[in-house]
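Trainee: Could you take me through the charged side chains and the helices of this model, setting each value against its definition?

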Amino acid sequence: MEKEVFKKELAMCRELYLKNGGYCNWGKCGTCGVVPLLYKLGEGKIYEDKDEIKKIKKDTLE
């Protein structure tokens, strides 16, 4: 995934998270797998540990 697309997708998640109180069209951000998937596709990093996933979601969405 191109770096620009990666940044735009994360920005869209952040915007919807803030605008809709933690929800988007996919569901609740707390249980969503989009952010870890974007990191896998955009940076090649795989997050499987629950604590790591919570941290990247917090850092990305807030």
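**Salt bridges, helices and a charged patch**

Mentor: Glu43 and Lys3 form a salt bridge, with their closest N and O atoms 3.6 Å apart. This is a predicted model, in which local features need pLDDT of at least 70 and side-chain atom pairs count only at pLDDT 80 or more, while totals for chains, interfaces and linings use all residues. Residues are numbered from 1 along each chain as its sequence is written, and side-chain values use heavy atoms, with hydrogens and water left out.

Trainee: Why is the contact between Glu43 and Lys3 called a salt bridge?

Mentor: The term requires a side-chain nitrogen of Lys or Arg within 4 Å of a carboxyl oxygen of Asp or Glu; the N and O atoms of Lys3 and Glu43 are 3.6 Å apart, so the pair qualifies.

Trainee: Why are Glu43 and Lys3 given their accessibility class?

Mentor: Buried means under 20% relative accessible area, exposed over 50%, and partly exposed in between, with a 1.4 Å probe and protein chains only. Glu43 has 32%, and is therefore partly exposed, and Lys3, at 47%, also counts as partly exposed.

Trainee: How many salt bridges does the structure hold, and which are they?

Mentor: The structure holds three. Besides the pair of Glu43 and Lys3, Glu43 meets Lys45 at 3.6 Å, N to O, and Lys55 meets Asp59 at 2.8 Å, N to O. Lys55 and Asp59 both lie in helix α3, four residues apart, which is about one turn of the helix. Salt bridges that share partners join Lys3, Glu43 and Lys45 into one network.

Trainee: How do you know whether Lys55 is buried or exposed, and what of Asp59?

Mentor: Lys55 has 51% relative accessibility and so counts as exposed, whereas Asp59, with 49%, is partly exposed.

Trainee: What makes Phe6 count as buried?

Mentor: Phe6, which lies in helix α1, has 4% relative accessibility and therefore falls under the 20% limit for buried residues. Phe6 and Leu41 are 35 residues apart in sequence, with their C-alpha atoms 8.1 Å apart in space.

Trainee: Which residues form the negative surface patch, and why does Asp49 pass the accessibility requirement?

Mentor: Glu48, Asp49, Asp51 and Glu52 form the patch. Patches are made of residues with over 30% relative accessible area and no salt bridge, like charges being joined within 9 Å. Asp49, in the loop between α2 (34–43) and α3 (50–61), has 39% relative accessibility, so this residue is over the limit and counts as partly exposed.

Notes. Patches are made of residues with over 30% relative accessible area and no salt bridge: like charges are joined within 9 Å, nonpolar side chains (Val, Leu, Ile, Met, Phe, Trp, Tyr) within 5 Å. Accessible areas come from the Shrake-Rupley method with a 1.4 Å probe; for residues, only the protein chains shown count as cover. Lys and Arg count as positive and Asp and Glu as negative; His and the chain ends are not counted. The place of a charge is taken as NZ of Lys, CZ of Arg, CG of Asp or CD of Glu. Helices (H or I, at least four residues) and strands (E, at least two) are DSSP runs, numbered from the N terminus.
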